[in-house]
Amino acid sequence: MDYIRIWTEVDIKDIQEHIIMVDDKFGHCHKCKKIGIELKDLKQCPSCGREIKYVSSTEARKGKADIVIRIRKKLPHLTFVDYDDYERLTSKKKAQSLFNE
Ligand SMILES: [Zn+2]
């Protein structure tokens with residue numbers, strides 16, 4: 001199977017609510033700060049119960065395809081979000097909310 005990045009309109013808030021950051025072996029829930037979450041069949045955070053629909057990884061910065069593919073194989077039911085895109089959008093949102101305060 002080949003892999004390609006596809007651009008689509010998204011609700012960044014929905015992604016933030018349902019994303020998990022992972023490394024090669026474990027996940028990290030940004031909401032309850034739980035670390036060391038097993039990746040196998042991951043559908044919700046075992047600690048806070050948050051539903052997981054998206055996955056990304058700091059190790060996949062700059063589109064490192066081998067890492068993305070390894071994570072995709074472990075978590076095929078989750079949508080892989082490009083880390084650089086995610087970081088760009090969430091830091092833009094953070095900047096906007098600072099201005100609005
Ligand atoms: Zn959690």
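Two strands pair if DSSP finds at least two bridges between them. Helices (H or I, at least four residues) and strands (E, at least two) are themselves DSSP runs, numbered from the N terminus.

This is a predicted model: local features need pLDDT of at least 70, side-chain atom pairs count only at pLDDT 80 or more, and totals for chains, interfaces and linings use all residues. Residues are numbered from 1 along each chain as its sequence is written.

**Strand S1 and its partners**

Strand S1 covers residues 19-22. Val22 stands opposite Gly27 in S2. S1 and S2 run antiparallel and are joined by two bridges. A hairpin of three residues connects S1 to S2. S4 pairs with S1 as well, here in the parallel sense, over three bridges. In that pairing, Ile20 stands opposite Val55 in S4.

The side chains of S1 split by direction. Ile19 and Met21 point one way, and Ile20 and Val22 point the other way. All four are buried. Burial is counted from C-beta atoms placed from the backbone: a residue is buried if 20 or more others lie within 10 Å of its own, exposed if 12 or fewer, and partly exposed in between.

**Two loop residues with positive phi**

Lys33 is in the loop between strand S2 (26-28) and S3. Its phi is near 70°, a positive value in a residue other than glycine. Lys33 counts as exposed because it has 9 C-beta neighbours inside 10 Å.

Asp41 is in the loop between S3 and S4. Asp41 is not a glycine either, yet its phi is positive, about 55°. With 8 C-beta neighbours inside 10 Å, Asp41 also counts as exposed.

**Ser47 and its surroundings**

Ser47 is in the loop between strand S3 (35-38) and strand S4 (54-56). Ser47 is partly exposed because 13 other C-beta atoms lie within 10 Å. Leaving out residues up to four places away in sequence, Ser47 touches Cys29, Cys32 and Lys34. Contact here means that the C-beta atoms of two residues, placed from the backbone, lie within 7 Å. Ile35 is twelve residues from Ser47 in sequence, and their C-alpha atoms are 9.6 Å apart in space.

| Residue | C-beta neighbours within 10 Å | Class |
|---|---|---|
| Lys33 | 9 neighbours | exposed |
| Asp41 | 8 neighbours | exposed |
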